[in-house]
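Please keep the sequence and the model in view while working through the numbered points.

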Amino acid sequence: MTATFYSEESANRRNSILLIFVVIAFLAVFGFVIGFSIGYGTGNEVAFGIAALAIAVGIGVIQALFSYYGGDKLVLASSHAREIGPEQAPALYNVVNEMAIAAGVPMPKVYIIDDPSPNAFATGRDPQHSSVAVTTGLLQKMNREELQGVLGHEMSHVRNLDIRFTLFVGVMVGSIALLAGFFLRYTFWFGGGRRGNDRDGGGGGLAIVLLLVGLVMAVLSYFFGALVQMAVSRQREYLADASSVELTRNPHGLESALAKLAADNEPLHSVNGATQHLYIVNPLKKLGGGASLFSTHPPIVDRINRLRQLTGDAPMDPAEMRQLKGLE
Amino acid sequence: MLPAIIILVVVVVVILFIVGIYNGLVTRRNRVDEGNAQIQVQLKRRHDLIPNLVNAVKGYMDFEKSVLVTVTEARGNAISAGSQGIAAQAQAENALTGALKSLFAVVENYPQLKANENVLSLQEQLTTTENQISFARQHYNATVLDFNNSLQTFPNVLIAGPFGFTKREFFEAEPEAAEVPVVNLG
């Protein structure tokens, strides 16, 4: 109910729309360049370009609509999550309900992923259409207090609409990478051959320039997408940790949950590049080195230290950190 | 003609301004009511669960009937306090929370009870209900704080009085230290 949460929520609303426009603009430029290159030498380059632009924008719009209405189902299905009711896992269901009440949002759907690696994520387009998923490993390793901390973290992603933005990031960034990959292949397979039997030299130069521009953009957009996906989710994790404590009023639950998550080094099976940023701890690489440019999650030690700042406890000393890593 | 237009524009702007503030206050007041409704749902659920728990443990607890009597009485008081305003209700419900804590502390002394599926399930249900009550109260109090603040700040304060918006009461938490359950191990 704090001012920060409302401003987070409206920032996510705004950023979601902005992201869609940026991605569609990217697709439009890409489409045009690809169409122009395909049509090169026919005398109708611009018509080719505009046709491909229309197709690319169409694909972008369909993707945006699809990720808004069905992205959560796609994420849950690709993670092999199954929905549960209050009978199958009463404690989990109850803790989710408690955190939903604390956050003042409707009860999300609850999913379980059969995997011994402890982890959790939330997804959906808004709090009315949201889901939280936890692994069986998490249920086995956490006590009630720690479970509350983890689900408080997930519930704050739901409440401030992080779930919507990250859903768009996953699907849209995935689509850019796909398109860039396609474009690169096209350039290497056909571009070279076409340039070889070119009839007039000046036009060939233009085609090469266009291809180069396209190539550079493809590479740039790929890195840009990856950077947005990662930089954006790191700040989100710190915020969700803080909001979790605001909800549970118990920093120690989440702190000890994070320590347990750090100590566990088993990788999660059903995860890919488009879903890794959704989880509470990075499911691919646990406890990576520093806060590098390409990590989707801040190092757990940093997260624990930020929680300790809230309680006034001393930050982790080297011995504690070694112990944390030694547990791996 | 021009002054008339200027006056008209000013009046329209002022009216829009008042409408904006009024709607903001109504939204906040609805959040408070929603928060209160949430607490009432959880309290009702606790009232409904208690007779089941009392029945389930009654047979085992021959020596400590007084704990059960206290819980049953506290439940009765809490239900009747429901119509006496937030402050009275909060006090009666806190007494019930204390009585339940004593009961759970006593249950710890009976291994047969701790092994009983039915009691365990009721215990989980009551644990989550207790948590839900305290989280619902936390959320409600946050909405009340937000609403009361918005009533007292300028320019809302000019609108709030004439339109009949009044401050809401907090649902006070029990003072933790004051009610450590006394358990008779005799």
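1. Strand 4 of chain A is mostly covered, since 6 of its 7 residues are buried. A residue is called buried if 20 or more other C-beta atoms lie within 10 Å of its own, exposed if 12 or fewer do, and partly exposed in between, with C-beta atoms placed from the backbone. Helices (H or I, at least four residues) and strands (E, at least two) are DSSP runs, numbered from the N terminus.

2. Some conventions apply throughout. The model is predicted, and local features need pLDDT of at least 70, side-chain atom pairs count only at pLDDT 80 or more, while totals for chains, interfaces and linings use all residues. Residues are numbered from 1 along each chain as its sequence is written, and chains are lettered from A and ligands numbered from 1 in the order in which they are written.

3. Which strands stand at the edges of the sheet in chain A? The sheet is open and has 4 strands in the order 1-2-4-3, with mixed pairing; two strands pair if DSSP finds at least two bridges between them. Strand 1 (81-84) and strand 3 (120-126) of chain A are at the edges, each with a single partner strand, so one side of each has no neighbour in the sheet. On average, neighbouring strands of this sheet are turned by 30 degrees against each other, direction ignored.

4. The individual pairings may be followed across the sheet. Strand 1 of chain A runs antiparallel to strand 2 (residues 109-113) of chain A, and 4 bridges join them; here A:Ile84 stands opposite A:Val110. Helix 2 (residues 45-78) of chain A packs on the sheet and touches strand 1, strand 2, strand 3 and strand 4 (129-135) of chain A, its direction making about 165 degrees with that of strand 3 of chain A. Residues are in contact if their C-beta atoms, placed from the backbone, lie within 7 Å.

5. Strand 4 of chain A also pairs with strand 2 of chain A, in the parallel sense and over 5 bridges. Within strand 4 of chain A, A:Val134 is the bridge partner of A:Ile112, and A:Val134 is also the bridge partner of A:Ala120. Strand 3 and strand 4 of chain A run antiparallel and are joined by 6 bridges; these two strands form a hairpin with 2 residues between them.

6. A:Leu161 has a positive phi of about 65 degrees although it is not a glycine; its place is the loop between helix 5 (144-159) and helix 6 (162-196) of chain A. A:Arg249, in the loop between helix 7 (201-248) and helix 8 (251-263) of chain A, has a positive phi near 55 degrees. Are these residues buried or exposed? A:Leu161 is buried, because 23 other C-beta atoms lie within 10 Å, whereas A:Arg249 counts as exposed, with 12 C-beta neighbours inside 10 Å.

7. In chain B, helix 1 (residues 2-58) and helix 5 (residues 117-152) pack at an angle of about 160 degrees, with their axes 8 Å apart. Axes are lines fitted to C-alpha atoms, for helices over the stretch in contact, and angles run from 0 to 180 degrees between N-to-C directions. The two helices of chain B are therefore roughly antiparallel (angles under 35 degrees count as roughly parallel, over 145 as roughly antiparallel, 65 to 115 as roughly perpendicular and the rest as oblique).

8. Helix 1 of chain B also meets helix 2 (residues 65-81) of chain B, where the axes come within 11 Å and cross at roughly 165 degrees. This pair is therefore roughly antiparallel as well. Residues making the contact include B:His47 and B:Ile50 of helix 1 of chain B and B:Arg75 of helix 2 of chain B.

9. B:Arg75 itself counts as buried, because it has 23 C-beta neighbours inside 10 Å. Leaving aside residues up to four places away in sequence, B:Arg75 touches B:His47, B:Ile50 and B:Leu96. The C-alpha atoms of B:Arg75 and B:Thr97 are separated by 9.4 Å, and these residues are 22 residues apart along the chain.

10. Finally, a cis peptide bond joins B:Phe154 and B:Pro155, with omega about 5 degrees. B:Pro155 lies in the loop between helix 5 and helix 6 (156-160) of chain B. Between the chains, 9 residues of chain A are in contact with 12 residues of chain B.

Definitions and conventions: Two residues are in contact if their C-beta atoms, placed from the backbone, lie within 7 Å.
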